[in-house]
Protein chains: 4
Amino acid sequence: MNIDLNCDLGESSGNEAAIMPYITSANIACGFHAGGPSVMQATARLAKQHGVAIGAHPGWPDLQGFGRREMSFSAEEVEALVLYQIGALAGIARAEGVELRHVKPHGALYNQAVVDAALAESIARAVKRFSRELILVGLAGSSLVERARGLGLSVASEAFPDRGYHPDGTLMSRTLPGAVLHDSAAVAEHAVRLATEGIRFGEKVILPDTLCLHGDNETAAENARLVREKLAAAGIAVRGL
Amino acid sequence: MNIDLNCDLGESSGNEAAIMPYITSANIACGFHAGGPSVMQATARLAKQHGVAIGAHPGWPDLQGFGRREMSFSAEEVEALVLYQIGALAGIARAEGVELRHVKPHGALYNQAVVDAALAESIARAVKRFSRELILVGLAGSSLVERARGLGLSVASEAFPDRGYHPDGTLMSRTLPGAVLHDSAAVAEHAVRLATEGIRFGEKVILPDTLCLHGDNETAAENARLVREKLAAAGIAVRGL
Amino acid sequence: MNIDLNCDLGESSGNEAAIMPYITSANIACGFHAGGPSVMQATARLAKQHGVAIGAHPGWPDLQGFGRREMSFSAEEVEALVLYQIGALAGIARAEGVELRHVKPHGALYNQAVVDAALAESIARAVKRFSRELILVGLAGSSLVERARGLGLSVASEAFPDRGYHPDGTLMSRTLPGAVLHDSAAVAEHAVRLATEGIRFGEKVILPDTLCLHGDNETAAENARLVREKLAAAGIAVRGL
Amino acid sequence: MNIDLNCDLGESSGNEAAIMPYITSANIACGFHAGGPSVMQATARLAKQHGVAIGAHPGWPDLQGFGRREMSFSAEEVEALVLYQIGALAGIARAEGVELRHVKPHGALYNQAVVDAALAESIARAVKRFSRELILVGLAGSSLVERARGLGLSVASEAFPDRGYHPDGTLMSRTLPGAVLHDSAAVAEHAVRLATEGIRFGEKVILPDTLCLHGDNETAAENARLVREKLAAAGIAVRGL
């Protein structure tokens with residue numbers, strides 16, 4: 001058994017260096033919700049040094065709202081928006097001698113694509129038009145994963161060790177009590193449970209391909225270290241996508 | 001004898017369709033001084049339909065000033081800025097099944113690189129790191145052309161049929177009387193003279209590889225038509241870079 | 001009988017000077033969907049010269065989409081967004097010795113507030129918190145006008161001479177056939193009808209306080225001239241809010 | 001003897017609450033180099049709760065470079081840029097029932113105005129056109145302070161307790177060794193020395209009106225606390241401008 005560990009980076013949290021040793025995939029912000037050319041370059045370099053695979057982390061154009069505000073674009077606009085951001089990071093990565101491995105939408109773009117099949121289709125189509133080699137990362141059980149698979153793309157189902165789930169397999173909103181796990185030990189145990197038991201959607205169980213670790217708080221590195229320790233103890237190898 | 005005709009596009013002038021039939025290279029704005037994902041996509045498609053080669057037209061991040069304000073970035077920042085913009089357009093172009101042929105900096109980035117050798121070097125290095133196949137377009141006789149050549153890049157020397165030149169070969173500032181030619185016939189004649197006689201820099205004469213046509217005014221298409229007519233009459237073939 | 005004529009300006013259409021003589025209220029874009037400090041300053045000066053009242057024209061932060069994309073902000077974020085934009089224009093106007101007379105939301109912000117009462121309330125509250133003297137301009141019969149009135153603000157009901165209306169009084173979507181009137185004479189006649197007969201919402205008839213003229217096309221000035229001519233012929237005085 | 005303590009806030013450092021109790025003036029970023037409507041609103045509220053005076057902290061439009069890149073605008077553009085930002089904050093402050101007390105330029109705009117008299121003049125003129133009641137804060141001994149005084153504005157000379165000075169009174173560049181003091185005790189002692197002995201420019205000594213504390217690092221609150229303690233011990237009262 002094995003699993004990937006991913007983290008959203010290049011978002012100016014300042015904890016990049018501390019989290020890098022623990023992850024296998026870095027989702028790099030592309031300048032629309034956070035980051036920018038110089039931060040992207042620095043993050044790509046750091047990831048390369050640590051042997052961490054890099055992927056694009058496109059978001060809505062919303063620097064002030066950190067990409068967390070819902071927006072409504074036409075299908076064509078979404079495709080262009082995603083292609084632009086993938087290309088921008090690919091250009092910077094190419095200069096560093098690295099290729100992109102995956103794409104994971106950010107914030108509201110990610111969340112809206114969980115339930116909005118048309119949006120999910122536009123994102124997946126953009127990824128496919130850029131390259132059929134890219135892996136699209138989306139919430140386990142979401143519209144995004146389903147549509148991407150339908151288009152013949154490689155997909156990776158993502159789960160969140162520090163987040164609570166409803167009994168029907170959907171992610172709890174951050175505004176609900178118990179939606180965010182703050183204790184490192186609890187996060188690590190949840191990670192092991194997700195990796196071994198998966199998420200139950202009614203009859204179906206989905207085993208996640210990748211777990212998302214957060215890098216934007218002070219306990220990030222400690223959480224990550226403990227997750228790896230517990231996964232190792234449970235006999236689960238951490239391996240890139 | 002032959003020459004390329006290029007035009008800055010994707011800058012929301014609205015005259016794209018009218019100028020396309022007359023040019024061989026389209027410099028597409030990359031969202032920093034003008035344009036954006038959707039405009040870039042539409043412009044790349046239009047260029048492809050007309051068999052016009054496309055290139056990136058990177059600028060300073062200055063939407064409100066249209067990239068005409070001088071800025072000061074570190075060498076590393078300039079490289080990242082240029083790589084980001086080339087990559088963004090390349091991503092969009094790739095989805096349309098087109099490859100970039102060239103890169104031509106915009107506005108203040110272009111003008112500062114005429115005289116600022118360090119800036120010119122950073123731009124050229126970014127282009128080279130993206131791909132040695134890309135042609136860098138710069139003002140004939142400028143630092144940019146010289147530095148790019150020094151790095152082993154293919155370069156194209158550019159001249160402006162609708163602009164006046166000083167006797168020493170430098171371009172007249174737009175603020176000087178006579179700096180901008182408004183008469184279509186005069187522009188076309190100047191185009192022929194530039195293509196056949198070149199520009200004299202003291203002892204040296206430089207024959208331009210490409211002439212820049214402007215697409216952002218009402219006489220743009222008429223100017224372009226007349227330039228082609230006069231070039232043809234003078235036996236000069238119009239051919240892409 | 002009298003009516004105000006308003007126009008959205010400072011959106012880089014280039015026709016400002018031509019339309020100014022015909023209007024009584026200028027809605028100036030505040031840099032979020034279009035415009036910026038310098039354009040705002042130039043437009044405010046021009047309006048002052050023509051004795052045209054100026055108002056803020058706040059929009060979603062969406063330069064690339066011209067504020068036409070729907071967005072979802074919290075109530076507090078909307079208030080801050082609107083206050084920021086009103087303040088920015090007020091700062092520029094103050095330096096020119098002019099006070100703002102009104103506020104009219106732009107694009108998707110305007111359209112969403114037609115039906116979204118919570119959004120309408122946030123916009124109205126921002127205006128009121130800035131100044132109870134400001135008049136809020138909204139679509140006749142909309143949630144925005146109603147909520148603003150509920151908060152005790154002065155409001156102005158707006159109608160569109162160049163747009164078609166459904167029999168129930170709602171504005172036709174631009175995507176429907178007949179939604180946009182292109183003929184100047186038809187626009188002018190519609191203006192007179194709107195000013196004299198108003199808009200019928202079931203039992204209720206609303207007489208608009210202001211008519212919106214568009215300044216972003218070539219027939220803008222001619223339309224405006226004809227509207228004023230026909231209004232005058234019908235005995236309706238054109239007067240600011 | 002008394003002195004003001006100011007701090008740049010609303011720049012998303014996350015340490016606002018910790019530093020507020022120690023300062024008397026908050027310079028709030030206005031969305032061009034950092035911040036935005038919602039952050040400005042939250043910061044203005046926090047300042048009001050602590051009885052801290054607020055001022056605008058305008059910068060170049062450079063979110064990605066945090067306003068630290070040199071830019072070149074025309075005099076008119078600078079005025080519009082500064083008026084826009086002052087107005088935007090004033091709009092938000094007005095809704096909170098607070099008036100702006102001062103204006104302090106940020107980053108490269110501040111630094112360029114130290115030596116560029118024309119830029120200094122444009123900034124000062126914008127402040128004056130907004131309101132003669134506003135105090136312009138600039139580097140002690142700089143062109144900005146001098147020009148503002150020349151225009152009849154109230155000015156406040158600023159000094160930096162955590163920065164080294166050359167013997168001629170000019171501030172050391174951050175790139176030089178010894179340019180930044182990291183030890184809290186040393187910073188506090190420097191603060192007392194600046195407040196009591198001032199800065200020597202050849203024959204002339206300038207006593208600063210305000211000391212800048214930094215809020216963007218982990219020792220910020222501790223530095224601030226110690227500065228106040230030492231100032232108190234030296235008999236210097238901390239009082240707003």
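Modeller: Let's start in chain A, where H5(A) passes H6(A) in a right-handed crossing (right-handed means the near helix is turned clockwise from the far one by less than a right angle, left-handed anticlockwise). Before going on: this is a predicted model, so local features need pLDDT of at least 70 and side-chain atom pairs count only at pLDDT 80 or more, while totals for chains, interfaces and linings use all residues. Residues are numbered from 1 along each chain as its sequence is written, chains are lettered from A and ligands numbered from 1 in the order written, and side-chain values use heavy atoms, leaving out hydrogens and water.

H5 of chain A covers residues 117–130 and H6 of chain A residues 143–150 (helices are DSSP runs of H or I, at least four residues, and strands runs of E, at least two, numbered from the N terminus). Their axes come within 8 Å and cross at roughly 50 degrees; axes are lines fitted to C-alpha atoms, for helices over the stretch in contact, with angles from 0 to 180 degrees between N-to-C directions. H5(A) and H6(A) are therefore oblique to each other (under 35 degrees is roughly parallel, over 145 roughly antiparallel, 65 to 115 roughly perpendicular, and the rest oblique).

Who touches whom? On H5(A), the contact uses A:Ala117, A:Ala120, A:Glu121, A:Ile123 and A:Ala124, and on H6(A), A:Ser143, A:Leu144, A:Arg147 and A:Ala148; contact means heavy atoms within 4.5 Å. Sorted by class, that gives six nonpolar, one polar and two charged residues (Ala, Val, Leu, Ile, Met, Phe, Trp, Tyr, Cys and Pro are nonpolar, Asp, Glu, Lys and Arg charged, and the others, Gly among them, polar).

Now follow a side chain out of this spot. A:Arg129 pairs with A:Glu79 in a salt bridge, 2.8 Å from N to O (a side-chain nitrogen of Lys or Arg within 4 Å of a carboxyl oxygen of Asp or Glu). That pair links distant parts of the chain, with A:Arg129 in H5 and A:Glu79 in H3 (residues 75–95), 50 residues apart.

H3(A) takes us to chain B. The axes of H3(A) and H2 of chain B (residues 37–49) come within 8 Å and cross at roughly 95 degrees, so they're roughly perpendicular to each other. From H3(A), the contact takes A:Glu76, A:Glu77, A:Ala80, A:Leu81, A:Leu83 and A:Tyr84; from H2(B), B:Pro37, B:Ser38, B:Met40, B:Gln41 and B:Arg45.

Stepping back to the whole A–B interface, 24 residues of chain B contact 24 of chain A, with four salt bridges between the chains. Together they bury about 2,100 Å², 53% of it on carbon and sulfur atoms (the accessible area, 1.4 Å probe, that two parts lose on being put together, summed over both).

Chain B also meets chain D, with seven residues from each in the contact. About 770 Å² is buried there, carbon and sulfur atoms giving 51%. D:Arg69, D:Glu70 and D:Ser72 supply 53% of what chain D buries against chain B, more than any other three residues. One salt bridge joins D:Glu77 to B:Arg69, with the closest N and O atoms 3.3 Å apart.
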